[in-house]
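Let's take a walk through this structure together, one piece at a time. Keep the picture open while you read.

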Amino acid sequence: MTVIDDISDVPTPDASLAPLLEVRDLHVEFHTRDGVAKAVNGVNYSVSAGETLAVLGESGSGKSVSAQAVMGILDMPPARIPKGEIFFQGRDMLKMSGEERRKIRGRKIAMIFQDALSSLNPVLSVGYQLGEMYRVHQGLSRKDAKAKAIELMDRVRIPAARERVGDYPHQFSGGMRQRIMIAMALALEPDLIIADEPTTALDVTVQAQVMELLAELQREYNMGLILITHDLGVVADVADKIAVMYAGRIVEDAPVHDIYAKPAHPYTKGLLQSIPRLDQKGQELYAIKGLPPNLTRIPSGCAFNPRCPMAQDICRTDVPPLHPVGTARGSACHFWKETLGE
Amino acid sequence: MSDTTLPKDPEDAAATAAEAAVPDAATALVAEAAAAQLADREPILQVRNLVKHFPLTQGIIVKRQIGAVKAVDGVSFDLYAGETLGIVGESGCGKSTVAKLLMNLEQVTAGEVFYKGQDITKLSGRALKAVRRNIQMVFQDPYTSLNPRMTVGDIIGEPFDIHPEVAPKGDRRKRVEELLDVVGLNPEYINRYPHQFSGGQRQRIGIARGLALNPEIIICDEPVSALDVSVQAQVINLMEKLQDEFNLSYIFIAHDLSIVRHISDRVGVMYLGKIAEIGSDAEIYEHPTHPYTQALLSAVPVPDPEAREHRERIILSGDVPSPANPPSGCRFRTRCWKAEDRCALEEPLLAIPTRFANVDTPAKHESACHFAEEKDVVGAA
């Protein structure tokens with residue numbers, strides 16, 4: 001317990017202003033048969049209490065890997081973190097011992113996974129699995145843990161929690177299972193929740209229920225939330241700020257309203273134009289040509305250059321830094337002004 | 001539209017329209033155009049009261065039926081040449097079962113599927129094979145729907161083994177190369193295996209296979225839901241291009257309402273094995289009258305943060321009931337905020353609501369609700 005106390009007591013005088021989590025220049029690579037796959041190549045982002053950061057990207061963009069690095073659940077090897085810092089409440093988690101990190105995981109930072117059915121143990125009742133959080137972390141008795149589990153299930157609005165506490169995961173619907181995942185993440189009242197595609201496997205009406213619940217609980221506990229997703233619609237609904245990832249880098253980061261109104265990176269712009277809209281009958285969709293790059297052979301210069309309609313020679317040679325756009329935004333494009341200006 | 005249980009003869013329809021056209025030249029022209037349109041609008045596929053129940057059995061040696069999963073329970077619609085009919089609904093609503101029934105991959109429990117006046121549910125053997133040539137399917141998962149041990153050339157050329165009359169033996173390779181070119185793949189890839197392609201490219205291979213026999217109808221079951229956003233747009237554009245080029249009719253089954261709106265001319269919304277509402281894309285998306293459609297549409301996140309404050313959200317409570325034991329009366333009543341006693345007793349039929357019958361409004365389309373009422377939930381621009 002002393003370690004935990006240290007963490008909350010140490011912070012500098014302006015602790016209230018400092019972000020809850022700050023990721024600096026994070027690199028993650030995987031050693032594979034085909035060579036080194038550079039999944040994350042220098043990512044920076046931060047989240048404050050009560051704030052929602054959406055990390056947006058396609059498959060293979062490194063969005064989930066960076067979150068797993070923050071959570072400390074990457075399999076190492078094959079993964080390696082050659083460089084980077086992850087500050088949580090003022091301390092670099094990458095420099096902590098395994099024991100120290102384990103105390104943060106679950107208690108201070110919790111994660112919600114995409115596929116609730118494969119994330120829950122099929123041979124244990126949900127009540128047992130929820131209660132496990134309290135038995136392991138707080139040393140409660142089985143009986144007390146079960147009572148707490150029922151309380152949690154009530155809080156995520158699972159009907160008839162008392163009767164259903166002994167049910168097994170397969171007896172619940174997809175939406176209910178995802179609620180159980182949320183309950184498990186909330187059990188120890190963490191400061192930060194990382195939700196990795198929490199609603200991708202769900203139908204829209206259920207997705208709306210789950211996202212509403214998550215947003216409400218976030219407000220109630222003033223938690224930081226990192227939402228990892230590929231769905232531009234979900235992001236527009238809940239996020240405060242967005243980081244768009246492509247080939248392991250953040251190509252644009254901005255408050256949510258700015259990015260949808262005026263994207264400052266050709267990739268973001270292409271994505272926004274390529275999705276059909278519910279409220280408009282569109283013409284032909286804009287399609288970003290080509291495919292996302294192979295992570296073992298990321299193109300030189302800007303990784304997006306082979307697919308970019310604006311690419312010039314400089315894009316093939318120089319990696320664009322994250323240029324500041326106004327006060328709170330950044331765009332990793334040599335031609336961000338032109339992109340904005342159009 | 002669906003009041004006729006038998007397919008109309010195209011010549012009949014044209015003749016009636018021509019009869020009406022007698023007096024002066026102007027009206028004759030109009031009538032002629034109308035007749036042309038009518039003949040043109042003869043449905044290519046007519047689905048009537050389609051039912052599929054999967055039996056639930058108990059016992060190991062002596063199996064007895066204890067119930068049935070009513071996956072599809074009375075679905076009717078028409079498909080016209082060159083149009084796209086979207087079918088949307090949540091998982092378990094029976095939309096994929098409908099696709100299988102249309103292909104005669106599952107035996108129907110009841111109902112008919114008329115293809116050019118022929119009921120394909122009654123066909124078998126050679127006659128069925130001939131019809132299937134004209135109705136092809138593109139599947140959801142491009143990773144499991146292609147045989148990993150066959151080359152792309154063999155996969156796309158396999159339909160020719162079953163229907164050799166389409167491409168004579170010597171011509172096949174050329175034909176496969178053409179197909180690869182049509183779907184935007186390099187014809188030199190003909191000897192590669194599926195694992196050498198990305199998800200979007202594999203879906204193109206699936207589409208090429210669907211096109212191989214020059215079908216008239218392609219049934220697409222969630223063709224882009226396994227693809228990334230930027231690749232999705234490429235495949236959707238390809239499908240629209242092919243439709244114009246080959247005058248294909250699509251039945252486009254998906255759960256993503258935005259994509260369905262983009263590609264469809266008409267849309268049917270399914271709930272628990274029945275169609276809740278069907279109409280043109282503007283009728284369904286801008287003037288929905290069924291509460292389920294309204295809830296479904298309001299739940300779709302719109303990629304516009306400005307909209308989040310002023311958009312009305314209808315959050316449904318609870319889950320979809322089990323199709324083995326659907327609610328009495330209206331199947332949506334257990335989650336509906338408008339439900340009254342009548343909804344439990346009397347099943348609403350899919351028809352134009354009487355209150356809209358004599359008014360000229362976009363709300364005048366078929367909706368299976370006792371209390372059908374227009375409501376704009378999308379905030380259409």
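Predicted model: local features only at pLDDT ≥ 70, side-chain atom pairs only at ≥ 80, totals over all residues.

Helix 8 (residues 174-186) and helix 9 (residues 204-221) of chain A are roughly parallel to each other, because their angle falls under the 35 degrees used as the limit for that word. They pack at an angle of about 15°, with their axes 10 Å apart; here axes are lines fitted to C-alpha atoms over the stretch in contact, and angles run from 0 to 180 degrees between N-to-C directions.

Residues are numbered from 1 along each chain as its sequence is written, while chains are lettered from A and ligands numbered from 1 in the order in which they are written. Helices (H or I, at least four residues) and strands (E, at least two) are DSSP runs, numbered from the N terminus.

Staying in chain A, have a look at helix 12 (residues 266-274). Seven of its nine residues are buried, so helix 12 of chain A is largely enclosed by the rest of the structure. Buried means that 20 or more other C-beta atoms, placed from the backbone, lie within 10 Å of the residue's own. Y267(A), G270(A) and L271(A) are among these buried residues. Their packing partners include helix 10 (232-238) of chain A and also helix 8 (229-246) of chain B.

Now hop over to chain B, where strand 1 (residues 43-58) and strand 4 (residues 110-115) run antiparallel, joined by five bridges. Two strands pair if DSSP finds at least two bridges between them. L45(B) of chain B stands opposite Y115(B) in strand 4, and Y115(B) also has Q118(B) in strand 5 as a bridge partner. Strands 4 and 5 of chain B form a hairpin with two residues between them, and K116(B) in the turn has a positive phi of about 50°.

Chain B also holds an open sheet of seven strands in the order 6-7-8-3-9-10-11, with mixed pairing. Strand 6 (135-138) and strand 11 (366-367) of chain B stand at the edges with a single partner strand each, so one side of each has no neighbour in the sheet. Strand 6 of chain B pairs with strand 7 (residues 217-221) of chain B in the parallel sense over four bridges.

Note on methods. Buried ≥ 20, exposed ≤ 12 C-beta atoms within 10 Å, placed from the backbone. Contact = placed C-beta atoms within 7 Å. Parallel < 35°, antiparallel > 145°, perpendicular 65-115°, else oblique.
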